[in-house]
Amino acid sequence: MKMTKVVPFAMSALLIGGAVVAPTASANEGEAVVTNATDNNEQNQQVQPIFIKITGTIENVEKRKDSTYYTVKEDENTNVFVVNDDTLVYDNTGKEVKLQKGDKVTAYTYANKPMLMIYPPQYNPEVIIVETKEMGTVEVDFFNKELVNTDNTLKLNVGKETELLSLSGKKVKAEDLAEQHLLVFYTIATMSIPAQTPPSKVVVLDTIAQEPGETDPSKTAVQEIINNDFYEVEGTKMVPLRLIAEELGFKVESTGKGAIISKGALSYTITRGQKEYGYNKALRYFKVAPALLEPTKTYVPVEFVEELMK
């Protein structure tokens with residue numbers, strides 16, 4: 001993110017009332033105990049983040065049926081962002097933009113959101129920010145009743161100039177921001193602890209289906225199957241087709257040489273020993289051909305599981 005312009009204490013009075021945060025004190029046998037900055041820092045380090053950030057530059061774009069896959073690299077690290085219509089994409093000033101190859105981006109996703117153990121790691125981020133040369137900083141976090149984030153580093157002072165939005169489309173007032181997951185855009189902040197800012201835009205993330213700590217039971221079960229039953233073939237993790245497909249609600253019919261799996265309008269035809277597989281009336285390709293690695297059990301590349309979980 002671009003550097004935040006820090007407003008000296010003398011200037012903060014013009015921006016947000018000039019409040020200076022004093023050292024916190026608590027009563028202990030009649031004596032005030034002052035908590036210094038070092039104590040606060042130690043406490044902050046113990047806070048578990050609600051969102052994690054993944055950064056890098058988009059090097060490849062692959063469009064699929066319902067999503068677009070962006071391969072992002074930073075130094076030696078490679079990640080894949082799976083983006084669909086529900087993903088929020090802004091630049092660091094709060095302007096809605098479209099992702100392009102070469103963009104330097106930061107993705108935000110729930111820290112304990114379930115994900116498949118494949119390489120490169122794939123994320124379904126809630127928010128993606130494209131960094132520009134314009135001044136602007138972004139915070140994605142849970143804000144409490146006082147509109148302070150989880151690690152006590154930022155407090156929001158919402159004014160008439162702050163644009164308030166919500167994913168659900170509901171009208172939002174300042175009082176509706178408390179105890180919510182928020183996407184915050186701002187450019188200036190005081191040097192206090194926590195820093196205080198008059199945000200330019202705040203988006204309430206009120207339609208995200210999965211809250212932190214919640215897990216999709218089918219995804220959890222699938223991950224358990226993968227952890228306990230797999231083979232490595234030519235560097236690719238191979239996992240049992242029937243067990244996973246049925247866990248995800250697909251009907252599995254054996255063809256003698258493979259299987260046809262179907263659910264609703266979806267149909268896949270898998271043949272052992274062939275990299276080609278049928279998807280409805282089209283052809284797609286595995287990196288490694290499905291194989292009978294155990295009696296009566298067909299194994300497919302783990303990447304196919306992500307296809308079934310869309």
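Q: How many helices and how many strands does the secondary structure of the chain come to?
A: This is a predicted model, so the count is one made on predicted coordinates. Going through the secondary structure of the chain, you end up with 5 helices and 26 strands.

Q: What share of the 310 residues in the chain is buried?
A: Buried here means under 20% relative accessible area. With that cut-off, the buried share of the 310 residues comes out at 41%.

Q: Of the contacts between residues at least 6 apart in sequence, what percentage join residues at least 24 apart?
A: Take the chain's contacts and keep those between residues at least 6 apart in sequence. The part of that set joining residues at least 24 apart is 59%.

Q: Which residue in β21 is the bridge partner of Glu 253?
A: Strand β21 covers residues 258–263 and pairs with β20 in the antiparallel sense over 4 bridges. For Glu 253, the bridge partner in β21 is Ile 260.

Q: Is Tyr 277 with Phe 304 an edge-to-face or a stacked pair?
A: A search of the whole structure turns up 10 aromatic pairs. In the one formed by Tyr 277 and Phe 304, the ring centres sit 5.3 Å apart and the planes make 75°. Planes over 60 degrees apart fall in one class, so the pair is edge-to-face.

Q: How many residues apart are Tyr 277 and Phe 304?
A: Tyr 277 belongs to strand β23 (residues 276–279), while Phe 304 belongs to helix α5 (residues 303–308). Both residues are buried. The pair links distant parts of the chain, 27 residues apart.

Q: Why does the pair of Phe 286 and Phe 304 tie together separate parts of the chain, and how many residues apart are they in sequence?
A: The ring centres of Phe 286 and Phe 304 are 5.4 Å apart with planes at 75°, so this pair is edge-to-face. Phe 286 is in the loop between β24 and β25 (291–294), whereas Phe 304 is in helix α5, so the parts they join are separated in sequence by 18 residues.

Q: What is the relative accessible area of Phe 304?
A: Phe 304 is in a cluster, linked by ring pairs, with Phe 250, Tyr 268, Tyr 277, Tyr 279 and Phe 286. Phe 286 counts as buried at 8% relative accessibility. Phe 304 is buried too, with a value of 3%.

Q: Which residue's side chain does Glu 307 join through a polar contact of 3.5 Å?
A: Glu 307 lies in helix α5 and counts as buried at 9% relative accessibility. Leaving aside neighbours within four places in sequence, Glu 307 is in contact with Tyr 268, Tyr 277, Tyr 279 and Arg 284. The polar contact of 3.5 Å is with the side chain of Tyr 268.

Technical notes. Residues are numbered from 1 along each chain as its sequence is written. This is a predicted model: local features need pLDDT of at least 70, side-chain atom pairs count only at pLDDT 80 or more; totals for chains, interfaces and linings use all residues. Side-chain values use heavy atoms; hydrogens and water are left out. Helices (H or I, at least four residues) and strands (E, at least two) are DSSP runs, numbered from the N terminus. Buried means under 20% relative accessible area, exposed over 50%, partly exposed in between (1.4 Å probe, protein chains only). Contact means heavy atoms within 4.5 Å. Two strands pair if DSSP finds at least two bridges between them. Rings of Phe, Tyr and Trp (its six-membered ring) pair if their centres lie within 6.5 Å; planes under 30 degrees apart count as stacked, over 60 as edge-to-face and the rest as tilted. A polar contact is a pair of N or O atoms within 3.5 Å; within protein, one must be able to donate a hydrogen and the other to accept it, and residues adjacent in sequence count only if both atoms are side-chain atoms.
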